[in-house]
Amino acid sequence: MDTPVARTVRRLPVVPLPLPREALLSWLDHVAAECELDRVSMAGACGLLGADEGAARVSAAGRRSAVFGLSDAAAQRVSAATGLLVDEIQAMTWVRFAGTALPASAAGAVFEEKFSLVKSSWIDPVELRFCPGCVNERGGRWPLDSSTPWAFACLRHGCYLLAACSRCREPVRAGRVRLGHDRCRGFVRDVYGTVQRCGSEFRNIVAPPLSDVLLEDLQELLFERLQARGQEMVSARGVFADLAAAAEFAWFLATPDHLTGADAVVRERFAVFSRRYPAAPGRNAGRKDRVACDPLVRTACLRIASQIVFSADPQKAAMDLVDFAARPMHPSVRPLHRAWLKRPPRETTPRMARIVSTVRVPARSTRGNVSSAAHVAG
């Protein structure tokens with residue numbers, strides 16, 4: 001396709017190569033900035049858009065977005081236009097995590113199924129976390145890992161990743177901001193009460209320091225598991241499935257008292273969440289969807305989850321939160337019980353599957369005789 005945009009791309013000495021683990025939208029926006037083009041024009045020139053496709057194809061979370069993976073034909077088009085290898089192109093999409101953070105079936109699923117698999121895997125594809133130091137070093141380019149709940153800290157710069165401007169709390173969303181070129185578009189009030197644009201440069205925002213050794217070790221392990229290939233993927237998938245189930249367990253039942261030793265920023269954020277949605281009998285049914293929750297709240301849940309999953313006896317460790325094996329069922333467990341009846345955790349290993357099964361078995365007081373309904377826990 002010989003268009004002015006395509007000719008502009010061909011005049012570039014070298015199409016910028018993706019950084020290790022870089023997200024497709026990050027790379028696309030970087031190339032577009034180099035060519036002084038908008039994203040949609042750049043996507044057309046790079047072959048990401050077919051003749052009848054538009055901006056939705058290169059959005060962060062549209063059900064048919066290219067971020068969830070490309071067909072063989074589309075990947076070949078991009079390869080021909082840019083010189084990138086097909087494997088490099090697919091590695092910038094969510095297909096990269098099929099078999100680790102996502103079920104293995106995500107690799108061969110149609111777009112709508114990929115979207116559902118991502119959303120049901122504790123992931124919000126629009127969410128973006130970043131390290132200000134890395135924004136400086138990488139020109140605003142960001143890895144796909146940063147859109148997952150499994151990335152919460154930058155070990156290189158020793159800080160927590162940010163999901164919002166620390167000055168005005170405006171959320172940072174994948175596909176809506178170019179970290180290396182844009183300023184925060186949120187609003188703040190000055191000392192006189194006047195509302196004005198925040199305008200903070202993302203590379204100059206201060207991120208909370210990380211000193212929690214437990215979370216440092218967990219982050220290193222999760223980054224390692226995200227890169228697993230071959231036979232190692234089976235073990236990695238079990239780790240992610242178990243942690244997701246244990247984190248949901250903590251999300252429903254934990255309190256700030258379960259965060260002994262955590263950094264203050266994590267404890268405080270979880271304390272705010274707990275005050276808003278108390279984990280008390282009859283009151284925690286209103287806890288919001290875990291995907292839409294504050295990222296540091298999910299980090300707190302992951303911290304608690306890791307102490308369950310990697311303990312010598314996960315069932316005993318989980319009992320520190322509540323006696324979930326009591327019959328009749330403890331009232332505080334009922335919201336989790338209902339959630340797991342509706343959407344049970346999948347692909348957990350036997351260590352966490354035992355906990356999931358115990359929670360899902362109906363209590364006499366809520367669902368009749370246990371023995372007659374034990375098949376629900378299968």
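Which side chain meets D29 in a salt bridge? That would be R39, at 2.9 Å from N to O. Before the close-ups, a word on the model: it is predicted, so local features need pLDDT of at least 70, side-chain atom pairs count only at pLDDT 80 or more, and totals for chains, interfaces and linings use all residues. Residues are numbered from 1 along each chain as its sequence is written, and side-chain values use heavy atoms, with hydrogens and water left out.

**View 1. D29 and R39 pair up between two helices.** D29 sits in helix α2 (residues 24-35) and R39 in helix α3 (residues 39-45), ten residues apart. Helices here are DSSP runs of H or I with at least four residues, strands are E runs of at least two, and numbering starts at the N terminus. Both partners are buried (under 20% relative accessible area; exposed is over 50%, partly exposed in between, with a 1.4 Å probe and protein chains only). A salt bridge here puts a side-chain nitrogen of Lys or Arg within 4 Å of a carboxyl oxygen of Asp or Glu, and the count comes to 14.

**View 2. E127 reaches R298 in a salt bridge.** Their closest N and O atoms are 2.7 Å apart. E127 lies in the loop between α6 and α7 (132-138) and R298 in helix α11, so the pair ties together parts 171 residues apart in sequence. Both residues are buried, and a salt-bridge network links E127, R129 and R298.

**View 3. E137 and R156 form another salt bridge, at 2.9 Å from N to O.** Here helix α7 supplies E137, while R156 comes from the loop between β1 (153-154) and β2 (159-160). E137 is partly exposed at 47% relative accessibility, and R156 is exposed at 64%.

**View 4. Helices α10 (residues 264-276) and α11 (residues 295-309) cross at roughly 105 degrees.** That makes them roughly perpendicular (65 to 115 degrees; under 35 is roughly parallel, over 145 roughly antiparallel, the rest oblique). Axes are lines fitted to C-alpha atoms over the stretch in contact, and angles run from 0 to 180 degrees between N-to-C directions. V265, V266, R269, F270 and F273 in α10 meet L296, V297, A300 and C301 in α11, contact meaning heavy atoms within 4.5 Å.

View 5. T100 is buried, with a relative accessible area of 0%. Leaving aside residues up to four places away in sequence, T100 touches R225, L226, A228, M233, A236, R237 and F240.
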